[in-house]
Amino acid sequence: MSEKKRILSGIQPSGRLHLGNYFGMMKRMIEYQDKEDLFCFLVNYHALTTISNGNKLRKETLSAAMDFLALGIDPEKSYFWVQSDIPEVTELTWILSNVTPLGLLERCHSYKDKVARGISPSHGLFAYPVLMAADILIFQSNIVPVGKDQKQHVEVARDIAIKFNNTYGDTFVIPEEEIQQDLATVPGLDGQKMAKSYDNTVEIFADEKTMKQKVMSIVTDSTPVDQPKNPETCNLFAIYKLFANEDQVKELDDKYRNKPLKYSEIKKELFGMIWEYFAEARQERKKYENSPGDVINILKKGAGKARKIAGNTLQQILKAVGLNYFDF
Ligand code: ADP
Ligand code: TRP
């Protein structure tokens with residue numbers, strides 16, 4: 001067995017990926033591929049809870065794959081695939097459903113938030129955390145890097161693993177979430193959590209005009225230019241910090257507090273920084289856009305590699321719960 005830890009996380013291909021996704025999860029995941037065993041995948045079954053248009057789901061899945069590849073995920077150094085290419089995960093989901101207390105799911109904030117925002121309260125949406133637990137547990141994952149909004153879901157996976165192990169004997173590794181405190185929640189244009197469904201995102205690969213418009217529309221307060229401002233409560237400052245070095249942050253902090261400052265000037269500077277930050281990745285992405293067949297091959301190959309591991313775990317589970325009736 002490798003000494004390395006298994007790091008696993010997924011992302012929904014439910015819309016264009018944004019700075020919240022990048023700093024909350026993707027960047028860290030990509031950095032892990034050089035240190036640990038990285039498992040990174042696109043959760044298209046999960047995306048079915050909110051997308052009911054086949055063409056859109058197909059498109060967004062390939063687009064998210066291109067994003068990850070352009071940003072540096074290396075399919076040779078990692079496991080990189082699409083969730084639906086590993087059907088063992090959905091088999092495991094049903095088995096886990098039977099050791100999942102209803103109350104555990106009823107307490108999930110994410111379900112309640114989504115329903116409050118008008119998403120149809122389907123069985124899929126309610127059972128979402130069980131599918132996520134199967135994703136995590138079938139790969140015997142040690143660490144799950146996510147943004148703060150997913151903390152509770154990883155806790156659910158942990159509870160399900162413990163319940164299963166207590167019922168059937170030691171089977172699953174107990175996973176832990178990894179949240180980077182300073183990036184736990186990247187704010188959106190309006191200061192709420194940046195999220196695809198809030199229409200408040202800056203997309204990583206937006207075209208120049210759109211990105212500029214978005215950055216210029218970051219909501220700020222109406223303190224006059226020559227009066228002191230509070231950087232700690234300003235979401236423009238919070239987004240600026242993601243791209244600036246320590247000296248630049250200090251300098252801007254001082255400007256906010258002690259010097260005349262026009263928010264629009266900072267926004268222009270910020271746009272330049274973001275545009276520059278992703279310049280190389282944008283070039284890379286073009287290559288993948290021109291050869292979608294290569295992207296599909298990469299994903300299929302990744303699924304083949306990952307499926308071996310999932311298949312092994314599932315065999316153990318089938319035995320543990322007695323679904324291998326033929327093996328008496
Ligand atoms: P969205 O909320 O935009 O639909 P997902 O739910 O697909 O995004 O999230 C994918 C990953 O990105 C998760 O690990 C999630 O915690 C992280 N993430 C999403 N938005 C943010 C944000 N604003 N700040 C930090 N992390 C985020
Ligand atoms: N629920 C996660 C999200 O919306 C995506 C996800 C699905 C996931 N399966 C996972 C994250 C397994 C980590 C591990 O962001």
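Which of the 14 residues around ligand 2 come nearest? In this predicted model, the answer is Gln-12, Tyr-128, Met-132, Asp-135 and Gln-150.

| Side chain | Atom of ligand 2 | Distance to an N or O atom of the side chain |
|---|---|---|
| Gln-12 | oxygen | 3.2 Å |
| Tyr-128 | nitrogen | 2.7 Å |
| Gln-150 | nitrogen | 3.0 Å |

As for cover, ligand 2 has 370 Å² of accessible area on its own, and the protein hides 92% of that. Looking at which elements build the shell, β1 (6-11) and α7 (123-138) are the ones that give two or more residues. The top contributor is α7, with four residues. Sorted by class, the shell around ligand 2 comes out as eight nonpolar residues, five polar and one charged.

Now for the space itself.

Which elements each supply at least two residues of the pocket lining? They are β1, α1 (19-32), α6 (109-116), α7 and α8 (151-168). By class, the lining of the largest pocket splits into 18 nonpolar, 18 polar and 10 charged residues.

Definitions and conventions. Residues numbered from 1 in each chain as written. Chains lettered and ligands numbered in written order. Predicted model: local features only at pLDDT ≥ 70, side-chain atom pairs only at ≥ 80, totals over all residues. Heavy atoms only, no water. Near = heavy atom within 4 Å. Polar contact = N/O pair within 3.5 Å; in protein donor to acceptor, adjacent residues only side chain to side chain. Areas by Shrake-Rupley, 256 points an atom, 1.4 Å probe, with all protein chains shown as cover. Nonpolar A, V, L, I, M, F, W, Y, C, P; charged D, E, K, R; others polar.
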